Amino acid sequence: METLMTILVGFLVMIAVYLLLSRNLIRVILGTAVLSHAAHLLLMTMGGLKKGSAPLLGEDAESYTDALPQALILTAIVISFAVTAFLLVLAYRTYKKTGTDNLQELRGFEDE
Amino acid sequence: MSVNEIGEFIGAVLILTGGIASVISAFGLIRLPDIYTRSHAATKSSTLAVLLTLSGTFLYFLFREQFVSVRVLLGIVFVFLTAPVAGHLIVRAAYRSKVKLADISTEDELYEVLYKDESKNDGSSEKS
Amino acid sequence: MKINDVILQTVTKIVVFIILTFGVELFLSGHNNPGGGFIGGLVLSSAFVLLYLVHDIETVHKGIPFDFKKIAALGAFLAVGTGIGSALFGKHFLTQAAGHFTLPVFGETELSTVLVFEAGVALTVVGVVVTIISTISEDV
Amino acid sequence: MIETMMTISLVLFSITISIAVLRIILGPSMPDRVIALDMVGVNLIAMIAVVSIMLKTKAFLEVILILGILSFIGTIAFSKSIERGVIVERKRDR
Amino acid sequence: MTISLSIFIPFIAAIFVPFLYKRIQSRKIGWFVLLVPLMLFATLASFIPSIAKGETYSHTFRWIESAGIHFTTYLDGLSLIFGLLITGVGSLVILYSIYYLSERESLGRFYVYLLLFMGAMLGVVLSDNLMVLYVFWELTSISSFLLIAFWYHRKKSRYGAQKSMLITVSGGIAMLAGFIMLHTMTGTYSVREIVVTIGQYTDEPLFVFAMLLVLLGAFTKSAQFPFHIWLPDAMEAPTPVSAYLHSATMVKAGIYLVARFTPIFGGEMTWFYIVSSVGIFTLFWGSFNAVKQTDLKALLAYSTISQLGLVMSLFGLGSAALNEGHSANSIIYAQATFAALFHLINHSTFKGALFMVVGILDHELGTRDVRRLGGLMAFMPVTFSIALIGSFSMAGLPPFNGFLSKEMFFESLVNARNLELFDVGTMGTIFLIVAWLASVFTFVYSMIIVFQTFFGEFQPERIEKPSREAPFGMLVAPSILAILVIGIFFFPNSIGNYLLRPAMAAVYPTLAGAEGLTPQIVAWHGFNSPALLMTIGVIILGAVLYKFYRYWRGIYTIAPMTWNLDAAFNANLILLEKASHFFTRLYMKGYLKDYLVYIFSFFIVVVGGAILYTGSYTFDFSNDAPITANEYLIVLAMVVAGLSMLFAKSRMTAIILNGVLGYSIAFFFVVFRAPDLALTQAVVETVTTALFLLCFYFLPDWKKERSPIRTKLLNGLIAFAAGTIVTVLALTVQGNKMFESISVYFEDSYQLAGGKNIVNTILGDFRAFDTMLEVVVLFIAGIGVFTLIKLKTRKEGQDFEDQ
Amino acid sequence: MNNIIAMPMIIPLLTGIILVFLRHNTKTQRVLSILSSIATVAVSLVILHQIQQEGILRLDFGGWLPPYGILFVADSFSMLLVATTSIVTGILLIYAFSSIGQQFEHMFFYPFVFFLVAGVNGSFLTGDLFNLFVCFEVMLLSSYVLITMGGRKVQLIESIKYVTINVLSSWFFLMGIAYLYGTIGTLNMAHLSVRIAEVGQGPLLTVISLIFLIVFSLKAGLLLYFWLPGSYSAPPTVIAALFGALLTKVGMYALFRVFTLIFYHEPIITHTAIGVMAILTMIGGSVGALAYNDIRKIVSYNVVIAVGFILAGLAISTEVAFQGAIYYLIHDMIVKALLFLLAGTMIYLTGKTKIEEMSGLIRNYPALGWLFFITMLSLAGIPPLSGFIGKVFIGQGAIESGSFALLIVAFASGIFVLYSLLRIFLNCFWGETIINEDDDVPLKKGMLVPCILFAIMTVAIGIGVEGLAPYVSDAARTLMNPEIYIEAVLQGNR
C-alpha cells in the first residue's frame, strides 16, 4: 500500500508541477491545490498505513494507527485552505486590475 | 445461524445488491445518449444503490453490535431528500444552458414554453 | 428571467437544520469521537454556504445580522485567551483544565477548557469562511 | 462469506467511480460532468459504509453524512454556476 | 592619556563647529578652528624632548574586549613625526583657508570635515591597535570623500570623490583582511606585540598574503601606481584641502603604514621588491606625466604621486637592512629609510607651499592653466619667491631641503646596487637609471612651474581677473613653509636628531641604538660622491629637456602614453554596470514560470544529484500493507483524473477533476483509519470548490496553452523528474525507518488529557499551540481577503505614491 | 515554567486580534500598538537577561514534556533576534503613523503587522519543527496580505509571484517534515538532533537535509532569491522596510538552527553547498545592485548581498564566524529597515524612483542626506558603525578555516554595496538641486524621527559592541555546541 501511495504522491507532484509551470493563473492555483494534496498524502504515508485501527480509544483494538501525522495533516489542510483562498482572491483581483490572467503578460517591475 | 447472523447476512446482501445497482447505473451513465437520459441513470439508480448500501450498513451494525446508528439513518434521510433536488437542479441548469438533446429525441415541449418569445435574447445564462 | 427556486428553498430549510444540528453535534463530540472544533466549524460554515447559495447575501445577512469578521476575531481571541488564562493561573501556557460537574439537566458532565478552545476554533472557522464568501460575492 | 461480498461490492463501487471519472473526462457538456461528480460522491458514500463494516468500526459513519451533505452542496453550486455564472448573488431577482 | 584625548579633540570640536557657525556666520569661525591644531601641535611638540631620549608613551581604553580590539594609543618617534606634520600643516592650511574661502561657502561644513579628517589622521598614526587604526583609516577616506566633493554640485567633484572613495575604501578592505590574517597568526591586534612575535610566523602561508593585502591598502592610499588615478581627480577639492590631504598628510598614511609594518614584513624579499619597484615606477610615471599637464594643480598632483613613489621606494630599499642582521651593512641600508623620513618632511614643506601658491594664482587670477599664465613675477613678487623656493627644492637644488634628501636618495640607490642579499644585481641598476630619469623629469616640471608662470610674456587677455599680489593673510602660511624649506637646509640635523632618530628607532626596533643609524646630514659630500654627479647630470639634461620641450612633446601622443589607466577605470565601471544589467536581465526575467523552473531545476539537481551521489535509493517493500483491488481502481481513477486535468479544455472540468482527486483522497483517509481527516478533507474540498466557482465568475475561461512543443516537453521533463525524486525519496524513507514514532505516547491520551479521540486530543491539548496558530492563520486569511477586496487606493497609475 | 518566553509572540498576537475590533478607531489603534511594542521589547530584553543568569529557558505548552508537546526555547541567539525584531517593528510603527494613511489603518494594517511580528518571533522561539512550519505560515500569510495592501497593479503582479513561490517552499517544507518524520519519528528539534546523532547522519538524512536547505534558502533568499527584488520593491515603504528587515532573517535563522542543531554531521556536503550558494548569492546580489537605476531595486539587491554575507558565516561554521553572523544579523535588521525607510522617503518626497531623476536633495533635506550617508557606510561595513564587527568576525572565521573564496567574495561584496549606494547618494543627494522651494514636499517629523532612531542604533551598536558581546558569544557558543541546547530542552529525558 505504501508503495502504491508513494507512486501516487509522485504522480500528483508531477501533475502539480506541470500545472505550476503553465501560463494561466488558474492552472497555477490548481497546481498548488494538487501539490497540497500530494503533501498530505505523503505525510500520511510516512506515518505508516493501515497499521492499526482508527485512533479512537473508545473502540476496542490492539493497536492504533499513528495519530500524530493525522493531527499534522489536519493543521496542514486548514493552512493550505487559507492560502488557496487568498491566492484565488489575489488572482481575481489581479485579473481585474490588469485585464489578463496570462502570467507571461504579468512581468511587473522588470518592464523598465 | 442466529438471528444476528441472518441480519448481518441480509445487510451484506443489500450492500451487494447496491453495488450491482451502482454498476448498472454506471453503465447507464456511459451508454445513454444525452444528459437528460443520463441523469436518470445517475440520480435514480445511483441513489437506489446508495440507499441499499446504507440500509445494509444500518442493518449490519444493528444486528452485529445492537447499535442504532442515528448518523446512518440521518444519512439515508438526507440522501433521500437531496438526491432528487440535486438531479432536478442540474438538469434544469443543463437545459437552461442549452445543452442539446440527443438526436433521437422526438419532442422538446419545454422549448416552446421557455424560449418562445425570446428567440433572440437568451437571458442571463452563460455557458461555461 | 426569473428562476424559480421554490423546491430548492423548501428542501434547504430542512437540510440546513440537519446540517446545523450535525455540526453542533460534531463539535461537542470532538473529544471522544471524530469531530471537534475544526470540523464542527467547517460543517456549520458549510450550512452558511448552502444558505448563501440558495438565497442571496442580503437575505441571509438580514436573517443573521452578525459581522463575521468580528466573530472570527472573537474566536481567535478565545483560542489565544485560553492559553493566557492558564498562564494567569500559574500553569504552563495553554494548559487545559478539565473537571466533572453535575448539571441539572445533563447530569454528570465533563467540562473542560478545551471546550472553550475548540469553541474559539469553531467560531473562527465559521467567521472566516463566511467572511471570505460574502466578501467575494459582494464585490460584483 | 460476508467478507467476500463486501469485497465484491467495493470493487463494484470502484468500477462505478472509474466509469464516472471517464464520463467527467468525456463530457461532453458541463452538466454531464457535474452529474458524474455527484455520482462519484454518492458511490464514495457507499464505499465508506462498506469499509467501515469491513473495519468493524463506527468511526466513519460521520463521514457518510458529511459526504452526503457536501455532494449536495457541490451539485447546487455547480448547477448554479452553469445556470447563472454567479453562484452567490448579492440580491436575488433584480 | 593626553595622546588618547588629543585624537578626540578634533572630533569634539567638530561637533561644536556647526553650533558656533550658526552664531557667527562668517570666516571668523576659522580662527576658532585654528586653535585646535595649534593646541595639538603644541602638545605634541612638548613630547619631542622625551621622545628624542627614546621614550614612548602608550595608553589603553578598553573597547571591544571580546574581539581584542582596544583603543590603544602609542606615541613613538614615527608617530610623532606624522603627528607634528598633521597638526602643523593643518594649522597652516586652516590659516590659509580663512582667507582662501569666501564667506559664501558653507564654511561650517568645511571645517567640520577638516576637523574630522584631522582627528582621523591623528588616530591612524597614533593607534597601536590594528582595528582601531583601520577605523581611523576609513574615516580619513570618508572625510577626504566629503572634502573632495565639497562643491558637490559640480559633476567633476562628485566624480573625483567617488573615485577616491572607491579606490581607497577597496584598498582599506583588503588591508582589513590582511590585519585579520595577522591576528589569526599572532592572536593579537597590537602592532607592538606583533612586531615582537612575528618572527615565529614568517613561514606560515598566511604571512605573504597578509603582507600583500596590507600593501594593497598602503598603495591605494598613497596613490601608488596603478592606484594613483584617483589623486589627480581629487584635485577638484578646494586648494587648501589638496594641500593638506592630498599632498601633506592623507596620502602619507600609506607611507606611514609601510614604515610601521617594516619591522613586521621588512625582512621578506617580496616586501623589498614590491615596495621598492612600485615606488620607483610610481616615481617615474608620476614625474613623466606631470610634465605634460597644463593645469598647475594637476601638475602638482602628478608631482605628488611621483614624490610619494620616491618615499615609498626608499622605504623599500631601507627594508633590506632588516635582512642583513646587525651588520655594518644593515646600517648602510637603513640610511634609505632615514632619507625617506627626511624627504617626507621636506616634501610636506615644499609641496604645501607650492599648492598654496597655485591656490593663490587660482584665487587671484581665476585660472590655473600654465598656457594662460606668464610674466607674473612683476605683479606677484612674494608669490613668485615662494614658488621659486618650493620648485627648486622639489627639483633637488641647493640651498633648499629637497637637495639634501634627493642626494640621500641617490646615495641609497647606489648602495642598493651593491646589495648582495636578494641577488639584486641588474635590478639595482635598473632602479638607478629609472630613478635618475624620473629626477630629470622632476626637474623639468619644477622649471615649468617657475618659468612658465612667472617669466615670459604676460597675457592679461587670457586671465579672468586683474593680476595683483595676494592679500597678506594668504601669504603667511606659504611663507612660513618657504622659510622652513630654507631653514631645514641649513639646520638639517636638528630635525635629524630630535625627530628622525626616534623615528628610525621605531622602524628598526632591532637596530635601535646602533651606531650610525642616524647619520649627520651634510650638504657637501665632495666631488667624488656619485650623488652629486647624478644631481649635476639631472640639471644638465633637465635644462636641455625643458628648453626643447616642444620638440619632444610628441612623445606623449604615441601609443603607450595614451593608454590611460583613468579611462580604463571609467570604462570598467561603465562596463560593469552594463554587464551587470545585461546579466541580471538574463535571469531576472520577471516571469513566474522562469522562477519556478529555476527552483525546480535546483531541486532536481541538488536533491536528485545527492540521491545519486550518496546512493540513497535502497528500497524495502516488506513492510507494505496489503492492497485491495478496489484501491487499485481508485488510484487508477485518480491517475486518469489527474492526467486529464492537464488537458482539460475548460476550467470547470479541471475543478471537477480536482474535486474527484479531493474526494478520493478523503476516501483514502477513511481507508487509512483517519476519520477526522476524511471529514476535514471533504468539507475543505467542497468549500474550496465553491470558492473556485465564485471566483470563476470574475475570471475568463482559460485558453489553450499555446506554448511551443519544446517548452511543453521541458515542462514535462521537469515535472516528471520532480515527481520521480519525491517518489524515490519516499520509498527510501519507507525502507529506512530508523526509530519508532513518538506517537505511542499519545495513546494514553485518555489518562493524560481526558480525551478518547487521539487526534483531537493532540490538536486540542498536546499540540494545542499549533492549533491556536492555525486558527490565527485562518483568521489572517479571512480578514486578508476582506482587505484585499475592499481596500482600493484612490490614486492609480502613480506607482510611487505611498498614500 | 517560563510563561514569559511565550510573550514575545503572544503579545503581538493578542494585540493584533484586539485591534481588529478597534478597526475604525485610529487613535486607539496607534496607542495600543505602541504600548504593545514597548511591552514586547521590554519582555524580550528581560528574557535575554534572564538567559544569561539561568541558561537556556524553555516553555512546554500545556505542560507536556518534550518531545511530545510543543515548546518554546529561548537561547541567546533567538532572543537577540526577537529583541531586535521587536525594537525594529516598534520604530517602524512610528514611521507608519505618519506615512501609511488612514485608509490603510482602517483596513487592519496594524493587526497584520502584529501578526507578522508574532509569526517572526514564534519562528525564532519555537523548538518544534512542525510548529516552525506553522509559525512560518502565520508570518507568510500576513506578509501576503501586507504585500498586496493597497492593491496597486505592480503590487498585485509581484505578489502573485511572491505568494506562489512561498506556497511552493511551504510545500517543500511539509515534504521535508514528512520525510524526516518517516525516518526519525519525531518532530522536536532537540530530539531529532539526539536521534540523528545516535544513528549517524546517513546519506538519506543528508538528502533530506538538502530539502530543508532548499526550503529555508527560498525563504532566506539564499541563491533562490529571484522573487525577492520584485516583491520587496512593490509595497508601501513601511511594509517594504518590515520585509527587508525581518522576513529573510527568519529563513536565515532557520538555516542556522537546522544546520547547527540537527544536520551538522556532514558539513562536507551541506555546509559546502551553503558556502557555494552564499558565494553565488553575494555575486548575484552585487551584480544586481549595480544593474538598475531604480532605487527600490538597488536597495532590494542589497538585501540579497547581506543574505549571502550572513550565511557565509554558517558555511564557515566556527564559533567566531557564528559570532560575526549574529552581529551582522542584528546589524542588518536595523540598517536594512533604515535603508528601506530612507529609500521610501526619498521616493515620497520626489515622486520619482530612478536615481537619474533626482538630484541635489541634500540642499532641501540635509538630515535625510546624512542619514543616508551613515546608512551607506554602515552597510559597507565601515567602522565604527554596526556592520564592522560582524565583518571582522566573519573574516576572521573565514581565514581561520581557510575559506578564502568566501573571504574574498564577502569582502568584495562590501565594495559593491558601497558603490551601489554611493551611486544613489551622489546622484540623488548631491548635484544641482532641481526641486525649487515651491515644489518642496515637507519632510514630516514622524518620518524623520524613526530614521534618526535607527541611525543612532547603528552608531551605538558600532561603538558599544562590547555591551552585546556576552550575549552574542553565548549565542555562538550554543550554536557551536548543540549539546547545550539539547540538554536544556530534554534535560536527560531522552
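**Figure 1. Ser144(E) and its contacts in the predicted model.** Leaving aside neighbours within four places in sequence, Ser144(E) touches Ser164(E), Leu245(E), His246(E) and Met250(E). Contact means heavy atoms within 4.5 Å. Ser144(E) sits in helix 6 (residues 130–148) of chain E. Helices (H or I, at least four residues) and strands (E, at least two) are DSSP runs, numbered from the N terminus. Ser144(E) is buried, at 1% relative accessible area. Buried means under 20% relative accessible area, exposed over 50%, and partly exposed in between (1.4 Å probe, protein chains only). This is a predicted model: local features need pLDDT of at least 70, side-chain atom pairs count only at pLDDT 80 or more, and totals for chains, interfaces and linings use all residues. Residues are numbered from 1 along each chain as its sequence is written, chains are lettered from A and ligands numbered from 1 in the order in which they are written, and side-chain values use heavy atoms, with hydrogens and water left out.

Figure 2. Helix 5 of chain E covers residues 107–126, 20 residues in total. From first C-alpha to last, helix 5 of chain E reaches 28 Å, close to the 28 Å expected at 1.5 Å a residue. The expected span of a helix is 1.5 Å times one less than its number of residues. In helix 5 of chain E, 18 of the 20 residues are buried, so the rest of the structure largely encloses it. Helix 3 of chain D (residues 61–84) has 24 residues and should span 34 Å; its end C-alpha atoms are 35 Å apart, which agrees. Because 24 of its 24 residues are buried, helix 3 of chain D is largely enclosed by the rest of the structure. Just after helix 3 of chain D comes Gly85(D), with a positive phi of about 85 degrees.

**Figure 3. The contact between chain E and chain F.** Of the 12 pairs of chains in contact, chains E and F share the most contacts. Chain E brings 105 residues to the contact, and chain F brings 127 residues. Together the two chains bury about 10,500 Å², with 76% of it on carbon and sulfur atoms. Buried area is the accessible area (1.4 Å probe) that two parts lose on being put together, summed over both. Chain E and chain F have 2 salt bridges between them. A salt bridge is a side-chain nitrogen of Lys or Arg within 4 Å of a carboxyl oxygen of Asp or Glu. Arg767(E) and Asp128(F) meet in a salt bridge, at 2.8 Å from N to O. Some chains do not touch: chain D and chain F have no contact, and their closest C-alpha atoms lie 22 Å apart.

**Figure 4. A nonpolar surface patch on chain E.** The patch of about 840 Å² is made by Ile433(E), Leu437(E), Leu533(E), Ile536(E), Ile540(E), Leu541(E), Val544(E), Phe548(E) and Tyr551(E). Patches are made of residues with over 30% relative accessible area and no salt bridge: like charges are joined within 9 Å, and nonpolar side chains (Val, Leu, Ile, Met, Phe, Trp, Tyr) within 5 Å. Accessible areas come from the Shrake-Rupley method with a 1.4 Å probe; for residues, only the protein chains shown count as cover. Helix 19 (425–454) and helix 22 (530–547) of chain E each supply at least two residues of the patch. Helix 22 of chain E gives the most, with 5 residues. Val544(E) belongs to helix 22 of chain E and is partly exposed, at 41% relative accessibility.

Figure 5. Most residues other than glycine have a negative phi, and most peptide bonds are trans. Phe225(E) and Pro226(E) are joined by a cis peptide bond, with omega about 0 degrees. Pro226(E) lies in the loop between helix 9 (205–221) and helix 10 (230–234) of chain E. The bond from Pro383(F) to Pro384(F) is also cis, with omega near -5 degrees. Pro384(F) is in the loop between helix 16 (366–379) and helix 17 (387–400) of chain F. Phe108(F) has a positive phi, near 65 degrees. Its place is the loop between helix 4 (102–105) and helix 5 (109–125) of chain F. Phe108(F) is buried, with 2% relative accessible area.
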